[in-house]
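Good morning, and thank you for the time.

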Amino acid sequence: MKILVVGGAGYIGSHMVKQLANAGNDVITLDNLSYGYRDAVKYGEFVEGDLGDDKVLDSIFKNGDIDAVMHFAGFIQVGESVVKPAMYYHNNVASTLTLLDAMLRHEVKNFIFSSTAAIFGEPDYTPIDERHNKQPINPYGHTKLMIEQVLDDYDRAYGLRSTCLRYFNAAGADPDGELGERHIPETHLIPLILQAASGRREDIKIFGDDYDTDDGTCVRDYIHINDLCTAHSLALQQMIKNDASARYNLGNGKGFSVKQVIDVARAVSGADFKVTIEPRREGDPAVLVADATLAKQALDWQPEFANLDSIVKTAWDWEVNFLLKQ
Ligand code: UFG
């Protein structure tokens, strides 16, 4: 297949491009490099441009040979979305509509969308399945849910098939050591802990230890980036085969507290580092764990990196062998 990966120079997109190319697909990355890295696109063709730019999109779609689009070019910082909602609505909603319009103009009817656990808001119950209420508590979550709703309507009206994949906590790095997580600023727990372990950061701050969880710190469901990408590949195949849209929650179904993640990072890295307790970060639910039964059954998807040690190990190798040398 020929697949357009929008945001293919970012963390998840770059791993996806590699997996698609290694499976024999023809891949084009479109990325404006606002957060992505040119050198993270190691496979296929690269086009520098914005997903909200009609001209760039028309030039990519004009040959009529694109079979599917995967969209990873969303802004992802919850806190920033609260302070700068316009930025999030423009990029995550308006520009995504421009992309979808271009797909319709060029009759490309298969779309895979990076959605998020943030569409569920504060959970009514965990693990969270696909039927759970969808009531986001921040603009980031709203933008992702809006696009999910747009996609429901575009399926009915225009026959545009979509699969929305609600990621819980994507983590880890390419086991080959070629790719990894490089967010600036970095806000995610595992890379920040590993920066403390490697000495690039003075300490790791725990945002709140008074939550209603076993050790008082927030519990999250960490899923390895390669497992996430495998779910995308399977979802695309299934969507084309069934000619039907779908929505799946993606996680390992197992929660780890911030303190447990720190313990795993200490064991994997063999390093000790300072831990500081800070006040809660606004908008953090106490527990977010996926019920990924549907994805496992419908896609025959089985995470390979099902334990947290193996996820953290790949991220640690990336920290030591790449980031520390920058
Ligand atoms: N945390 C700390 N210290 C830090 C960073 C994070 O204690 O320095 C805690 C957070 O408070 C949270 C947990 O570690 O309890 C995980 O935080 P991350 O920022 O790594 O991940 P989130 O669960 O906040 O965010 C993830 C995705 C987002 C998405 C969100 C949906 O990374 O893109 O899930 O809820 F929006």
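Predicted model: local features only at pLDDT ≥ 70, side-chain atom pairs only at ≥ 80, totals over all residues.

**A sheet, a buried arginine and a ligand shell**

Arg220 stands opposite Phe256 in β12. Residues are numbered from 1 along each chain as its sequence is written, and side-chain values use heavy atoms, with hydrogens and water left out.

Strand β9, residues 219-220, pairs with β12 in the antiparallel sense over two bridges. Strands here are DSSP runs of E with at least two residues, helices are runs of H or I with at least four, and both are numbered from the N terminus; two strands pair if DSSP finds at least two bridges between them. The open sheet has three strands in the order β12-β9-β14, with mixed pairing. Its edge strands, each pairing on one side only, are β12 (256-257) and β14 (287-288).

Let me turn to Arg247, which lies in strand β11, residues 246-250. Is Arg247 buried or exposed? Arg247 is buried, its relative accessible area being 16%; buried means under 20%, exposed over 50%, and partly exposed in between, with a 1.4 Å probe and protein chains only. Its side chain makes a polar contact of 3.0 Å with the side chain of Asp152. A polar contact is a pair of N or O atoms within 3.5 Å; within protein, one must be able to donate a hydrogen and the other to accept it, and residues adjacent in sequence count only if both atoms are side-chain atoms. The side chain of Arg247 also reaches the backbone oxygen of Ser162, at 3.1 Å.

Now the ligand. Of the 21 residues around the ligand, those that come nearest are His188, Leu189, Lys205, Arg281 and Asp284. An N or O atom in the side chain of His188 is 2.8 Å from an oxygen atom of the ligand. The protein covers 91% of the 680 Å² of accessible area that the ligand has on its own, by the Shrake-Rupley method with a 1.4 Å probe.

Which elements give two or more residues to the shell around the ligand? They are α6 (189-198) and β8 (203-207), and β8 provides the largest share, four residues. Thank you.

Terms used. Near = heavy atom within 4 Å.
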